[in-house]
Amino acid sequence: MNATNVLSKIKLSLNRLPVYKYRYYWFLVPAVILFIAVTLGAIYSAPGVFGDFANIGIDFEGGTVMTVSGLNLDNYDADRNTINDVLTANGISVSSWQTSGNNSIVVRYANYVNGEDYNERAEEMGVINNNAVTQIHDALMASGRYNGATLEVNPEMINGTARQDTINSSLIAVAVAMALMLIYTAIRFDLFSGIAALCTQFIDVIVTLSLVIIFRVSINASLIAALITVVAYSINNTIVIFDRVRENMAPYKHKDKTKADIPNILETSVTQCLRRALFTTTTTLITIVILAFFGINIPSLSEFALPIIFGILSGLFSSVFLAPSIWGMLMDLKNRQSTKKAKAKRR
């Protein structure tokens, strides 16, 4: 192969990203991520590792949220140690810590005491929590850091009913968001675009959840908010690409669409939108990465930021490679059927 042929091939690849040519290979990426998540989840479930498939937060597993108010957050480390000592003495293992406002510490822990499940034994867990409340209050006052101050310790239990309500509401919220995106895309473009967008959104959710399992990010209400954000954000690049596809399909609008060069139209459209997709995704990622970095010591913040990072990266990949491929395969199937019907009529 001479230099001229090599340069012409490079120029062609730069002018047209071979998205549709390798359409079947792109689906291997989410499949591999899902396989890794399932494999690691099984390893995590083994005794002596983590003991569970995923890091389920108390919003879904059930637990207690205890708020200690009236504190001076300059004493955060000392107060945290005091609270943790009391809870540990009562057989409770804290899941997360965070501050709230200027004078409160919020403690979350599962309703497990000395390894025993109290999720379905609300009254007994209530007695344990009340004992811990009294001991925490007394220990903080005895520390000498709060002479004359008024401290409040308020536990709130998330039992089985509340947990199921949270799960149901979360599933409904994500499903409604995806359904609305399907309707919007189908109306603005065509049904195949809506189906492709819905499929890629579903893949984005699966990939995001898989990465959450792999990296042991807590699965809680923050994750649901992040998933809805991802679903809403990932559709942006998809819509821009489909809009360009529609423009490039315009010459065939009043002609026989079976004669349209679908691979060429798709790959040209994606290439034309690629720089815009990369720039918008990168600028968004910079913001979210900074948020995650500064939220290292704030679990609720990092638990929200990390899934968004996973979802944005997945959304970029699915918008550029998967959504156009799905649309192209549907159009190709439709054109083949139209051609068969046309031939049948001629007979």
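How many of the seven residues of β3 are buried? Six of them are, so β3 is largely enclosed by the rest of the structure; buried here denotes under 20% relative accessible area, exposed over 50%, and partly exposed the range in between (1.4 Å probe, protein chains only).

The model is predicted: local features need pLDDT of at least 70, side-chain atom pairs count only at pLDDT 80 or more, and totals for chains, interfaces and linings use all residues. Residues are numbered from 1 along each chain as its sequence is written, and side-chain values use heavy atoms, with hydrogens and water left out.

The chain has 347 residues, of which 41% are buried. Its secondary structure consists of 11 helices and six strands, where helices (H or I, at least four residues) and strands (E, at least two) are DSSP runs numbered from the N terminus. Among contacts in the chain with a separation of 6 or more, 74% are between residues 24 or more positions apart; a contact requires heavy atoms within 4.5 Å.

With β1 (residues 63–69), β3 forms an antiparallel pair over seven bridges, in which Thr-64 is placed opposite Tyr-109 of β3. With β2, the arrangement is also antiparallel and comprises six bridges; Ser-96 faces Arg-108 of β3. Three residues lie between the strands in the hairpin of β2 and β3, and Gly-101 adopts a positive phi near 65° there.

The largest pocket has a volume of about 440 Å³. Its lining comprises 22 residues, and those closest to the pocket centre are Asn-55, Ile-56, Gly-57, Ser-95 and Ser-218. On a 1 Å grid over the protein atoms alone, a pocket is an open set of points where a 1.4 Å probe fits, with protein on both sides within 12 Å along at least five of seven lines, and lining residues have an atom within 4 Å of a point. Grid points are joined across faces, edges and corners, and the volume is the space filled by probe spheres set on the points. By class, the lining contains six nonpolar, 10 polar and six charged residues; Ala, Val, Leu, Ile, Met, Phe, Trp, Tyr, Cys and Pro count as nonpolar, Asp, Glu, Lys and Arg as charged, and the others, Gly among them, as polar.

Phe-53 is located in the loop between α3 (28–44) and α4. Its relative accessibility is 37%, so Phe-53 is classed as partly exposed. The C-alpha atoms of Phe-53 and Arg-216 are 9.3 Å apart, while the two residues are separated by 163 residues in sequence.

Thr-82, in helix α5 (residues 76–89), is classed as buried because its relative accessibility is 16%. Apart from neighbours within four places in sequence, Thr-82 is in contact with Ala-139, Leu-140 and Arg-145.

Zero disulfides are present in the structure, a disulfide being a pair of cysteine sulfur atoms within 2.5 Å. Cys-199 is partly exposed, at 31% relative accessibility, whereas Cys-273 is buried, at 4%.

How values were computed: Pairing = 2+ DSSP bridges.
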